[in-house]
Amino acid sequence: MSRADVCVVACAEAFRGDGEILAAGIGGAVTVLGARLARLTFEPDLLTSDGVCLLTGDVPALGEAPEVVEGWLPFRDHLWLVLNGRRHVMLGASQIDRHGNTNISCIGDWDRPRAQLLGVRGAPGNTRCDPTSYWIPRHSPRVFVPKVDMVSGVGTDRGAHGLRRVVTDLAVLDLGGPGGTMRLVSAHPGVSVEEVVAATGFELDVPADVPETRTPTAGELRLLDEVLDPRGLRHREVPEPRAGGNGAAGGAA
Amino acid sequence: MGKVMTVEEVVGRLESGMTIGIGGWGSRRKPMALVRGLLRAPLRDLTIVSYGGPDVGMLCAAGKVRRVVAPFVTLDSIPLEPHFRRARQNGAVEFTEYDEGMFMFGLLAAAHRLPFLPTRAGLGSDVMRVNLHLRTVRSPYGDGEELVAVPALTLDAALVHLNRADRRGNAQYLGPDPYLDDLYVKAAASAYVSCERLVDTADLLKEGPVQSLLVSRSMVTGVVEAPGGAGFTACEPDYGRDEEAQRRYAETPWEEYVRGEQG
């Protein structure tokens, strides 16, 4: 079991209970694997896409084309679906604050940014209309900031439809703290609570008892290794931590 | 009546200061032959309305743009568009930054000749802070909900690239996604379609079903046959993105890139 495996399962858990809606991973390996793993295990009614515009009837490996297509979702219908709300998206963020406001637009003053990033993309509509989760592959004070520079995705204090969970390479968080603030839900195996707090640039709600993030079952590991990601792309997105701790053990080949 | 034109004839009908919508999405089916025509023309102060890709980057790099209206600018396989970034960071262009769904509603409003369309997308976000022209509207019905009134993105001209077209401007996409190209055409006072291949009207349905006829000639001012005219962006199924050419574009200083293109 690798850190990447733990992260994929934590992302899959974000979709638990969603039923027959689109589980949209925003790209890369971990969010897409999370959605597909959830569909193949505990959430079989989920819809998943090929990452472009096909709804797949089967659940192919990362980067592979589906053998069965069950629907068509070109960008215009994707934008419609965002407004309709029958979709749970797992987005990324360059900055996120304690209410779950996020920024993917630019760093610095918007009028003349220090670093122009993507632009807000669909984050405002996604967060206002759909259940949303986040995947942050590098949990650090540069990302977890007191105030984001340009609110792209809206947080609990700005009318978010529902922020479900924030999965990082260190921990699982949600917005269940006082006043809809960020709370530590679990720390990944080998990660201490202190480590998570130190990597978070704002005051984090830390319950007295913080459990360890659920580890993958043998069946989930087999699905990841043999069906969904035989090339191990998830391990490139989440390198195995180097220094000590239980998290360093296991086969991140 | 035939509407076949050259790239130069299309560009010759455009003027400085115009608002021009450019179809495609990111680095996919962008009308690059027409965009390269714009680069060569003595046009300035354009407002470019686009789900932005290298079209926006090139026009910014060439100093053609006063304002960009977009929800993003990306090369897809290269997430950040280098020339758009530089233009923003240098304060060289103004920016109207919308959510993707707001942007579509702006095109829909213009296509339907409505002043605005209401949506929830954008509410609560800093899109409302940085776009001082945006207003909200309250539902006149029992719910009384407050919504963003997205103003119509009315265009002086639209430029789109499709797979096939006939000489009168009926145009067809053969790839998996129409993007929003039909909306750009409908939102514009004049629309110009470039295509991979001109075909007889009677042959349009030989390659795709009737649903693939995305653009009607009643909306089209000019048609340009431009094989490879979306390159280096993707134009499926005719060709995929030329990743090597895109990398060269992204990594080469602009003046040097332009010299290389001319050489």
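## Strand 10 of chain B and its partners

In this predicted model, B:Cys195 faces B:Glu225, a residue of strand 12 of chain B. Strand 12 covers residues 222-225, and four bridges tie it to strand 10 of chain B. The two strands run parallel.

Strand 10 spans residues 188-198 of chain B and also pairs with strand 8, residues 155-165. That pairing is parallel too, with nine bridges. Within it, B:Val160 stands opposite B:Val193 of strand 10.

The contacts of B:Leu107 can be listed by residue. Leaving out residues up to four places away in sequence, B:Leu107 touches B:Leu153, B:Leu180, B:Leu183, B:Tyr184 and B:Ala187.

## Contact between the chains

Chain B gives 33 residues to the contact, and chain A gives 29 residues. On the chain B side, the elements that supply two or more residues are helix 4 (82-89), helix 5 (100-111) and helix 6 (127-130). Helix 4 of chain B supplies the largest share, four residues. By class, this side of chain B has 17 nonpolar residues, eight polar and eight charged.

## Sheet in chain A

Chain A has an open sheet of six strands. The strand order is 1-4-9-10-11-12, and the pairing is mixed. Strand 1 (22-25) and strand 12 (181-187) form the edges, each pairing on one side only. On average, neighbouring strands are turned by 20° against each other, direction ignored.

Strand 1 of chain A runs parallel to strand 4, residues 87-91, and four bridges join them. A:Ala24 stands opposite A:Val89 of strand 4.

## Helix 2 of chain A

Helix 2 of chain A, residues 30-40, lies across strand 1, strand 4 and strand 9 (131-136). Its direction is at about 155° to strand 1 of chain A.

## Helix 1 of chain A

Helix 1 of chain A has 12 residues, 3-14. From first C-alpha to last it reaches 17 Å, close to the 16 Å expected at 1.5 Å a residue. All 12 of the 12 residues are buried, so helix 1 of chain A is largely enclosed by the rest of the structure. The buried set includes A:Asp5, A:Val8, A:Cys11 and A:Glu13.

A:Arg3 lies in this helix. A:Arg3 counts as buried because it has 24 C-beta neighbours inside 10 Å, and the cut-off is 20 or more. A:Arg3 and A:Arg242 are 239 residues apart in sequence, yet their C-alpha atoms are 11 Å apart in space.

## Helix 3 of chain B

Helix 3 of chain B, residues 54-61, is mostly covered, with eight of its eight residues buried. They include B:Pro54, B:Asp55, B:Met58 and B:Cys60. After this helix comes B:Gly63, which has a positive phi near 75°.

## Backbone details in chain B

Two cis peptide bonds deserve a look. One joins B:Gly231 and B:Phe232, with omega about 10°. The other joins B:Glu236 and B:Pro237, with omega about 0°. B:Phe232 sits in the loop between strand 12 and helix 8 (243-251) of chain B. B:Pro237 is placed in the loop between strand 12 and helix 8 as well.

B:Asp45 has phi near 55° and lies in the loop between helix 2 (32-40) and strand 2 (46-50) of chain B. B:Asp45 counts as partly exposed, because it has 13 C-beta neighbours inside 10 Å. B:Asp76 has a phi of about 65° and lies in the loop between strand 3 (65-70) and helix 4 of chain B. With 17 other C-beta atoms within 10 Å, B:Asp76 is partly exposed.

How values were computed:
Residues numbered from 1 in each chain as written. Chains lettered and ligands numbered in written order. Predicted model: local features only at pLDDT ≥ 70, side-chain atom pairs only at ≥ 80, totals over all residues. Contact = placed C-beta atoms within 7 Å. Nonpolar A, V, L, I, M, F, W, Y, C, P; charged D, E, K, R; others polar. Expected span 1.5 Å × (residues − 1). Pairing = 2+ DSSP bridges. Axes fitted to C-alpha atoms, helices over the stretch in contact; angles between N-to-C directions.
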